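The sequence and the model come next, followed by notes grouped by topic.

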Amino acid sequence: MTKHFYYLITALIITSCATKNPHKITEKVYDQQLKTLEQQITSKEVQPIPAVAPLSIDSLYAQQLHIVRDSISKTGSTALLNGISTEWIGTVNFNLRKPSFVIIHHTAQDSLEQTINTFTKVKTQVSAHYVISENGKVVQMLNDYLRAWHAGNSTWGKTTDLNSTSIGIELDNNGFEPFSEAQISSLVALLTKLKKDYNIPTQNFIGHADIAPGRKTDPSALFPWKTLAEKGFGIWQDEVLEEAPFDFKIEPALRIIGYNTKNLTAAIMAFKLHYIQTDTTSVLDRKTIDTIYSIYKKQLQ
């Protein structure tokens with residue numbers, strides 16, 4: 001009798017523990033992976049870029065990491081509108097989200113120091129992952145996996161929150177001067193690293209003006225998009241343009257490329273700022289139509 005009683009008590013304890021947390025082992029794995037990712041996004045070691053000075057990494061963003069930790073480690077129950085509450089069971093299969101776009105800007109300011117000052121003030125509510133100075137120095141201000149505030153109200157294709165899916169790169173340039181050779185060299189080196197690290201598609205290297213027609217004009221018409229496209233960052237029209245068919249529709253073509261065409265005039269001007277550059281008006285001449293057709297075809301490939 002005593003023996004049977006002992007077995008009964010043991011079985012009840014085991015059942016109780018299993019009922020209490022049947023996923024204890026997998027949640028332990030979850031917690032371990034979470035710590036690994038936490039270390040990954042808080043790491044601020046200098047990363048070398050070919051032919052330029054090592055990255056200088058600003059540590060101010062670490063002050064906000066508790067927000068990220070809270071959001072990725074929360075395990076409590078959440079009540080839904082229909083009265084059902086969610087139950088937490090941690091999976092063991094996950095990682096950090098990776099960026100799929102790179103958005104290029106010019107700072108419209110007078111120096112690297114002025115831009116860094118802007119990005120380290122709470123009241124400005126603006127930031128970027130990288131800033132590249134005129135002399136080629138690269139400053140990283142936010143971990144690639146975190147969400148910077150550089151794109152604002154913008155769209156590209158069906159993506160309506162570019163901040164959540166992109167890396168923002170600011171070039172120290174007031175918008176009226178050519179970009180220096182050292183600056184573009186560092187940009188290409190950085191883009192090479194980012195494209196490899198995150199497998200970013202060639203066509204997803206675009207400008208702020210592309211994703212915010214009528215609101216933004218950076219980088220300016222002086223930016224060497226053709227050079228970047230030749231290096232594999234963005235697409236460019238054919239050297240000899242094929243004439244667009246008679247029934248070619250401009251508005252749907254621009255939409256397929258990625259432009260928001262709610263304001264078609266602004267979309268045309270944004271396209272020309274990127275691909276024509278010598279003429280950034282909204283005039284649809286033969287060259288503009290054939291260029292749109294060329295980029296449209298490449299976007300479909």
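This is a predicted model: local features need pLDDT of at least 70, side-chain atom pairs count only at pLDDT 80 or more; totals for chains, interfaces and linings use all residues.

## The chain as a whole

The chain has 301 residues, of which 41% count as buried. Its secondary structure consists of 11 helices and six strands.

Contacts in the chain can also be sorted by sequence distance. Among those between residues at least 6 apart in sequence, 66% join residues at least 24 apart.

## Helices H9 and H10

Helix H9 spans residues 250–257, and helix H10 spans residues 264–275. Their axes come within 11 Å and cross at roughly 60°. H9 and H10 are therefore oblique to each other. The crossing in which H9 passes H10 is left-handed.

On the H9 side, the contact is made by Glu251, Leu254 and Ile257; on the H10 side, by Leu264, Ala267, Ile268 and Phe271. Sorted by class, the contact of H9 with H10 has six nonpolar residues, one charged residue and no polar ones.

## Thr261, between H9 and H10

Thr261 lies in the loop between H9 and H10. Is this residue, Thr261, buried or exposed? Its relative accessible area is 9%, and buried means under 20%, so Thr261 is buried.

Leaving out residues up to four places away in sequence, Thr261 touches Glu251, Leu254, Arg255 and Ala267. Glu251 and Leu254 of H9 and Ala267 of H10 also take part in the contact between the two helices.

## Helix H11 and its two partners

Helix H11 covers residues 286–300. The axes of H10 and H11 come within 11 Å and cross at roughly 80°. That makes H10 roughly perpendicular to H11. Phe271, Lys272 and Tyr275 of H10 make this contact with Thr288, Thr291, Ile292 and Ile295 of H11. By class, the contact of H10 with H11 has four nonpolar, two polar and one charged residues.

H9 also packs with H11, at an angle of about 40° and with the axes 9 Å apart. That makes H9 oblique to H11. H9 passes H11 in a left-handed crossing. From H9, Ile250, Ala253, Leu254, Ile256 and Ile257 meet Ile289, Ile292, Ile295, Tyr296, Gln299 and Leu300 of H11. This contact of H9 with H11 has 10 nonpolar residues and one polar residue, with no charged residues.

## Leu142 in a loop

Leu142 sits in the loop between strand E4, residues 138–140, and helix H5, residues 162–165. Its relative accessibility is 13%, below the 20% limit for buried residues, so Leu142 counts as buried.

How far apart in space are Leu142 and Ser127, C-alpha to C-alpha? The distance between Leu142 and Ser127 is 8.4 Å, and they are 15 residues apart in sequence.

## Backbone details in loops

A cis peptide bond joins Asp218 and Pro219, with omega at about -5°. Pro219 is in the loop between helix H7 (208–211) and helix H8 (225–230).

Gln125 has a phi near 55°, a positive value in a residue other than glycine. Gln125 is placed in the loop between helix H4 (112–119) and strand E3 (130–132). With a relative accessibility of 47%, Gln125 counts as partly exposed. Gln277 is not a glycine either, and its phi is positive at about 70°. The loop between H10 and H11 holds Gln277.

Conventions:
Residues are numbered from 1 along each chain as its sequence is written. Side-chain values use heavy atoms; hydrogens and water are left out. Axes are lines fitted to C-alpha atoms, for helices over the stretch in contact, and angles run from 0 to 180 degrees between N-to-C directions. Helices (H or I, at least four residues) and strands (E, at least two) are DSSP runs, numbered from the N terminus. Angles under 35 degrees count as roughly parallel, over 145 as roughly antiparallel, 65 to 115 as roughly perpendicular and the rest as oblique. A crossing is left-handed if the near helix is turned anticlockwise from the far one by less than a right angle, and right-handed if clockwise. Contact means heavy atoms within 4.5 Å. Ala, Val, Leu, Ile, Met, Phe, Trp, Tyr, Cys and Pro count as nonpolar, Asp, Glu, Lys and Arg as charged, and the others, Gly among them, as polar. Buried means under 20% relative accessible area, exposed over 50%, partly exposed in between (1.4 Å probe, protein chains only).
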